[in-house]
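Morning, everyone. Let me put the structure up, and then we can walk through it together.

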Amino acid sequence: MSGSDSNKIGILIVGLGGNNGVTLLAGHTAAKHGLSWESGGCPGKGRVSAPNWGGCITQLPPKGVHGGVGFQGVYDLASAQEAAVGGWDIRPTPLGDALYECRVLDYDLVRQVREEMNSMEIKKGIYNSTFLGETQHATATHIVDTASLSFWQQVEHIRKDIRDFNAAQQVTGHTTVIWSASVERPADVAHIQTAQQLLKILKDTAAQDISPSMIYATAAALEGCSFVNGGSQNTLGPALNFLFELSFRTTLLEQEPDTATSTKPAYLLGTDFKAGQTKFKTAAVEYIRALGLTPRVIASSNHLGNNDMLNLTSQTTLNAKMRVKHSIFGPWNEQDLDHQVKVMYVPFMGDEKRDVVEYTSTAFLHQEHTMLTYTRCMDSVLCVPLMIDSAVWCDFFARHNTASNPVAKATAYLFKIPEGGAQGVDPGFHHQMETLRTVLKQVTNAAATDDKKGVDELLLKGLAAGILSQEQVNQLKALA
Ligand SMILES: NC(=O)c1ccc[n+]([C@@H]2O[C@H](COP(=O)([O-])OP(=O)(O)OC[C@H]3O[C@@H](n4cnc5c(N)ncnc54)[C@H](O)[C@@H]3O)[C@@H](O)[C@H]2O)c1
């Protein structure tokens, strides 16, 4: 099936009204209507722009004699423009107004999509104040009334939301639920090691530290949807990994008949989108190591003033973020590396992140080698393409029935801490892109081999039934 055929995928965003959510929706709406708009800022002030999929490698074609850039047209990838987009938020702000308030995109574009976006549905979110920074509590009014609901009833509520969305939007492809909501504090769930334990706790117990993200992820698994954890909290773990395994969900039907579940392939991916500064760090340190230098100090700072950063002014949520930021180079075992990260909340900057990283390494005869990088970009402009690509990859791999481990490895480049079957992979950005290419080739070669086997079997049947002569079989085999 080609991407432009009727493969309409679903993208369900937890945190739809946040900067990432509304930026994605604005791009999708602009593409749908083929809008054009004038750029408001410098550089490029006054330039007339049209929608594009910059940064979405699943939507861009390869470029140049050696390829590179994108994968559109190389594999049968779904079209982002044809995707159905929806989701949940705990804030009631209409989506067009939220887009206006976050000041990520040019006003001339915002002006054109605001009214339509204001009319789009925001599903009520599952909220537990203890998991978010205090700064988020006052606006959390658009919430499911969970006071009298068990965890299991909350899961059932979200499952119904997913089913209603797929039916209303006539989704024909795979649906992916993406956590693009605020970072949660870590949940105390280390003792939940199996899917059976998780289901039992959700069904029978109230006194457990279950985060909203675990509720959404469980609901996604049981509906046969993928779940992508774009935040840095510890949602993913062994119990959820089991639940996303198709073989487990198939046996679950027999073991727990009261837990009706989908038997479609689905993936659990994360943790924390590797969007800008961290992605470049993993390319830069890969380069330094490939030169044979020894990285000694990476002093990294960034400052911005969006709501995500405001949430991180709370120590518990900040700890969750710093855990993943600090761990990114782990598998390289650079014992002498002093990696320092500082983040600053400066409201005046809004969503425009400025990051500065100084890399100091030792070179020939222990002489120093220092590089400095400075990057500016709207944070959501960096992150939204990863949200789109993750949903398109999940659909592609689900259609090819690819097992969870290769999918985790292929998509590791999207995350700061690749999880599941990708735990401990090489953090290098280029290495990870190569793994993506390798897995894509393996998946499509396997599909081609399956096709060939099918054709061979059919021809032999034709021969046995006397419909085809041996000569015709040989000629048809040569054609196939
Ligand atoms: N923008 C980037 O470059 C980038 C990179 C990596 C990771 N992330 C992560 O992506 C997430 C979103 O970033 P953002 O800038 O859009 O943040 P944001 O604060 O603008 O949006 C988050 C939204 O989530 C909503 N929310 C919180 N808890 C919810 C719940 N339980 N259910 C439903 N909605 C809920 C909030 O009301 C808010 O509207 C954050 O976790 C952030 O750390 C962003």
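Start with burial. Of the 480 residues of the chain, 45% count as buried. Keep in mind that this is a predicted model.

Now the overall picture. The chain holds 15 helices and twelve strands. Its radius of gyration is 24 Å, close to the 23 Å that the globule rule gives for 480 residues, so the chain is as compact as a globular protein of that length. Along the principal axes, the C-alpha atoms fill a box of roughly 80 × 65 × 50 Å. Look at the contacts too. Among those with a separation of 6 or more, 75% come from residues 24 or more positions apart.

Next, the domains. Domain 1 takes in 10-273 + 382-427, domain 2 covers 277-378, and domain 3 runs over 440-479. How far apart are the centres of domain 2 and domain 3? Taken over C-alpha atoms, 53 Å separate them.

On to helix 1, residues 19-33. From first C-alpha to last, helix 1 reaches 21 Å, close to the 21 Å expected for its 15 residues at 1.5 Å a residue. Is helix 1 enclosed or open? Twelve of its 15 residues are buried, so helix 1 is largely enclosed by the rest of the structure. Among the buried ones are N19, G21, L24, L25 and H28. What covers them? The cover includes strand 1 (10-14) and strand 4 (84-89), along with helix 2 (95-102), helix 3 (107-118), helix 10 and helix 12 (379-399). Just after helix 1 comes G34, with a positive phi of about 60°.

Four strands make an open sheet, in the order 10-9-11-12, and the pairing is mixed. Which strands stand at the edges? Strand 10 (338-345) and strand 12 (368-378) do; each has a single partner strand, so one side of each is left without a neighbour in the sheet. From one strand to the next, the twist averages 10°.

Zoom in on strand 11, residues 352-362. Strand 11 pairs with strand 12 in the antiparallel sense, over eleven bridges. Two pairs to look for: R354 stands opposite R376 in strand 12, and E358 has L372 as its bridge partner there. Together strand 11 and strand 12 form a hairpin, with five residues between them. In that turn, L365 has a positive phi of about 55°.

What lies over this sheet? Helix 9 (residues 277-290) lies across strand 9 (294-304), strand 11 and strand 12. Helix 9 runs at about 165° to strand 9. Even so, strand 12 is hardly covered. Of its eleven residues, the count of buried ones is one.

Last stop, T313. Where does T313 sit? T313 is in the loop between helix 10 (307-311) and helix 11 (315-327). Why is T313 classed as partly exposed? It has 13 other C-beta atoms within 10 Å; exposed would need 12 or fewer, and buried 20 or more, so T313 falls in between. Leaving out residues up to four places away in sequence, T313 touches G133, T135 and Y345. A422 is another matter. A422 is 109 residues from T313 along the chain, and 30 Å separate their C-alpha atoms.

That's the tour. Over to you for questions.

Methods:
Residues numbered from 1 in each chain as written. Predicted model: local features only at pLDDT ≥ 70, side-chain atom pairs only at ≥ 80, totals over all residues. Contact = placed C-beta atoms within 7 Å. Domains from an automatic or database assignment. Pairing = 2+ DSSP bridges. Axes fitted to C-alpha atoms, helices over the stretch in contact; angles between N-to-C directions. Rg over C-alpha atoms; globule rule 2.2 N^0.38 Å. Expected span 1.5 Å × (residues − 1).
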